[in-house]
Amino acid sequence: MPVELQKARAPEVRVLRTPDEVAEQALAELRRVGERTDRPLVSFATGGTFTAMLRALHAEVVAGRFALDRVQATHLDEYEGYAPQQRGSMVHELGAACPSLLGMLARGAFLPVPHRADEAELRRHELRLQQLGGVDLQFLGIGRNGHLAFHEPMVPWDRGYHIAELSTVTRDDARARFAPDPVPLRAITAGVATILGGRRLVLCAFGRGKAPAVRAMLDGEVGPACPASALRTHGNALVLLDREAASLWTPRAASSDRSG
Ligand code: PGA
């Protein structure tokens with residue numbers, strides 16, 4: 001077993017009854033980091049998995065129960081050529097679910113991932129995140145193929161932000177988002193190296209369609225075939241699943257909780 005794996009604390013896994021309960025616990029993580037850290041840097045994830053959480057966050061902000069001016073924010077990935085305001089872009093998606101994030105964007109407190117495949121711009125983005133103190137809380141989804149952000153299977157794990165060639169599964173899953181236009185071939189994404197630099201990782205997954213990827217992440221081999229298995233080398237990761245997403249996983253670690 002690799003040394004890093006022996007040393008790392010296994011991800012805590014919580015299996016909950018409904019996606020809403022998952023969203024609630026993900027939001028609790030956001031509250032916690034806001035209380036513990038001065039102007040924490042939160043990196044949001046997109047995808048259907050996070051819509052409920054982002055809507056709930058917006059409701060909290062509007063009700064005055066959460067102050068977004070206490071946090072700095074960024075996100076994981078962007079389709080090549082899709083500027084923040086453009087429909088189809090990840091920033092547009094984040095803003096549609098949580099309009100308060102657009103307020104942060106307007107005042108420079110939300111750093112969008114570059115949408116141009118320009119290496120120098122990617123390195124500047126990475127540097128800027130480091131200058132802000134690095135990511136305190138990283139939200140993550142998981143692809144059906146086990147990808148994290150758009151870090152696709154078999155791409156080496158030493159990659160930070162990079163230009164990703166999207167896999168067929170990833171493009172198939174994004175088809176409805178762009179129809180009738182074709183799905184972009186490439187995206188700009190955080191890499192496993194970037195993601196593992198986050199102080200706290202919170203991965204959420206719902207539904208039967210994610211069950212094989214969840215099993216590969218938690219029970220399969222740790223390696224590039226399943227980028228999400230990198231969470232097992234981190235030491236401060238939380239995995240929030242509904243029962244369907246957890247249905248093929250065999251809990252072993254003492255920290256795992258199937259009671260939900
Ligand atoms: P989803 O995407 O939330 O839309 O399922 C997650 C991902 O592909 O990482």
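**Exercise 1.** List the buried residues of α4.

*Solution.* The buried residues of α4 are Met-90, Val-91, Glu-93, Leu-94, Gly-95 and Ala-97, where buried stands for a relative accessible area under 20%, exposed for one over 50%, and partly exposed for the range in between, with a 1.4 Å probe and protein chains only. Helix α4 covers residues 90–97, and six of its eight residues are buried, so the rest of the structure largely encloses this helix. Helices (H or I, at least four residues) and strands (E, at least two) are DSSP runs, numbered from the N terminus.

Before the next exercise, a word on the basis of the values. The model is a predicted one, in which local features need pLDDT of at least 70 and side-chain atom pairs count only at pLDDT 80 or more, while totals for chains, interfaces and linings use all residues. Residues are numbered from 1 along each chain as its sequence is written, and side-chain values use heavy atoms, with hydrogens and water left out.

**Exercise 2.** Describe how α2 and α3 pack, giving the angle, the handedness of the crossing and the residues in contact.

*Solution.* Begin with the geometry: helix α2 (residues 19–36) and helix α3 (residues 51–62) pack at an angle of about 55°, and their axes are 9 Å apart. Axes are lines fitted to C-alpha atoms, for helices over the stretch in contact, and angles run from 0 to 180 degrees between N-to-C directions. Angles under 35 degrees count as roughly parallel, over 145 as roughly antiparallel, 65 to 115 as roughly perpendicular and the rest as oblique; α2 and α3 are therefore oblique to each other.

Next comes the handedness, which is right-handed for the crossing of α2 and α3; this word applies if the near helix is turned clockwise from the far one by less than a right angle, and left-handed if anticlockwise.

The contact, meaning heavy atoms within 4.5 Å, is made on the α2 side by Asp-20, Ala-23, Ala-26, Leu-27, Leu-30 and Arg-31, and on the α3 side by Ala-52, Met-53, Ala-56, Leu-57 and Glu-60. Sorted by class, the contact of α2 with α3 holds eight nonpolar, no polar and three charged residues, where Ala, Val, Leu, Ile, Met, Phe, Trp, Tyr, Cys and Pro count as nonpolar, Asp, Glu, Lys and Arg as charged, and the others, Gly among them, as polar.

**Exercise 3.** In what order do the seven strands of the open sheet stand, and which are the edge strands?

*Solution.* The seven strands follow the order β1-β10-β9-β6-β2-β3-β5, and their pairing is parallel; two strands pair if DSSP finds at least two bridges between them. The edge strands are β1 and β5 (110–111), each of which pairs on one side only.

Follow the pairing at β1 next: β1 and strand β10 (residues 237–242) pair in the parallel sense over five bridges, and Glu-12 stands opposite Leu-238 in β10. Strand β1 (residues 12–16) is mostly covered, with four of its five residues buried.

Then turn to strand β2 (residues 41–44), which four bridges join in parallel to strand β3 (residues 72–75). In β3, Gln-72 is the bridge partner of Leu-41, and Thr-74 is that of Ser-43.

**Exercise 4.** Is Leu-240 buried or exposed, and which residues does Leu-240 touch?

*Solution.* Leu-240 has its place in strand β10, and at 0% relative accessibility Leu-240 counts as buried. Not counting residues up to four places away in sequence, Leu-240 touches Arg-14, Leu-16, Val-22, Gln-25, Ala-26, Val-202, Leu-203, Cys-204 and Ala-205.
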